[in-house]
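Here is a short walk through one structure. Keep the sequence and the 3D view side by side as you read.

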Amino acid sequence: MSHLTRQNVKVIIVEGRTDKEKVLKVVNEDVEIVCTNGTINVERLEDLIEMFDMDHRDVFILVDEDNAGKKLRKQLSKELPHAIHINIDKSYREVAATPESELAVALVSSHIRINPNFL
């Protein structure tokens with residue numbers, strides 16, 4: 001991470017590994033991507049918040065637009081009220097199913113630097 005301190009690196013919370021891979025493909029800055037692997041219990045969420053120092057960092061929530069994703073988003077907003085929500089188009093339902101160009105637009109609108117090839 002060279003000159004960046006960990007606190008300057010944004011955290012993006014996603015549900016699964018395929019979401020993480022898709023986001024890493026389009027993002028063009030150092031970010032830390034945390035997978036919840038679906039809905040999680042409060043203890044595990046608190047562990048993740050502590051482990052990644054999320055109370056002191058810019059946190060973005062990027063989850064699917066299905067019931068599980070909405071439940072997770074609600075849970076995360078309670079524990080991380082400062083987090084910024086990134087929403088994908090409901091017609092794609094899942095982050096993994098969202099075209100890279102659409103994902104890039106959603107990320108860039110939250111001030112996350114994107115590989116220009118995707119815009």
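Buried means under 20% relative accessible area, exposed means over 50%, and partly exposed lies in between, with a 1.4 Å probe and protein chains only. L119 counts as exposed because its relative accessibility is 58%.

This is a predicted model, where local features need pLDDT of at least 70, side-chain atom pairs count only at pLDDT 80 or more, and totals for chains, interfaces and linings use all residues. Residues are numbered from 1 along each chain as its sequence is written, and side-chain values use heavy atoms, leaving out hydrogens and water.

Start with L119. It lies in the segment after α4 (100–108). Helices are DSSP runs of H or I with at least four residues, numbered from the N terminus. Together with V105 and V108, L119 makes a nonpolar surface patch of about 260 Å².

F118 also sits in the segment after α4. F118 counts as buried, because its relative accessibility is 18%. Leaving aside residues up to four places away in sequence, F118 touches K25, V26, E100, S101 and A104. Contact means heavy atoms within 4.5 Å. D64 is 54 residues from F118 along the chain, and their C-alpha atoms are separated by 20 Å.

Now turn to helix α3 (residues 67–79), the place of R73. R73 is buried because its relative accessible area is 12%. Its side chain reaches the backbone oxygen of I86 at 3.2 Å. I86 is also among the residues that R73 touches, including I61, V63, E65, H85 and N87, not counting residues up to four places away in sequence.

How values were computed: Patches are made of residues with over 30% relative accessible area and no salt bridge: like charges are joined within 9 Å, nonpolar side chains (Val, Leu, Ile, Met, Phe, Trp, Tyr) within 5 Å. Accessible areas come from the Shrake-Rupley method with a 1.4 Å probe; for residues, only the protein chains shown count as cover. A salt bridge is a side-chain nitrogen of Lys or Arg within 4 Å of a carboxyl oxygen of Asp or Glu. Helices (H or I, at least four residues) and strands (E, at least two) are DSSP runs, numbered from the N terminus. A polar contact is a pair of N or O atoms within 3.5 Å; within protein, one must be able to donate a hydrogen and the other to accept it, and residues adjacent in sequence count only if both atoms are side-chain atoms.
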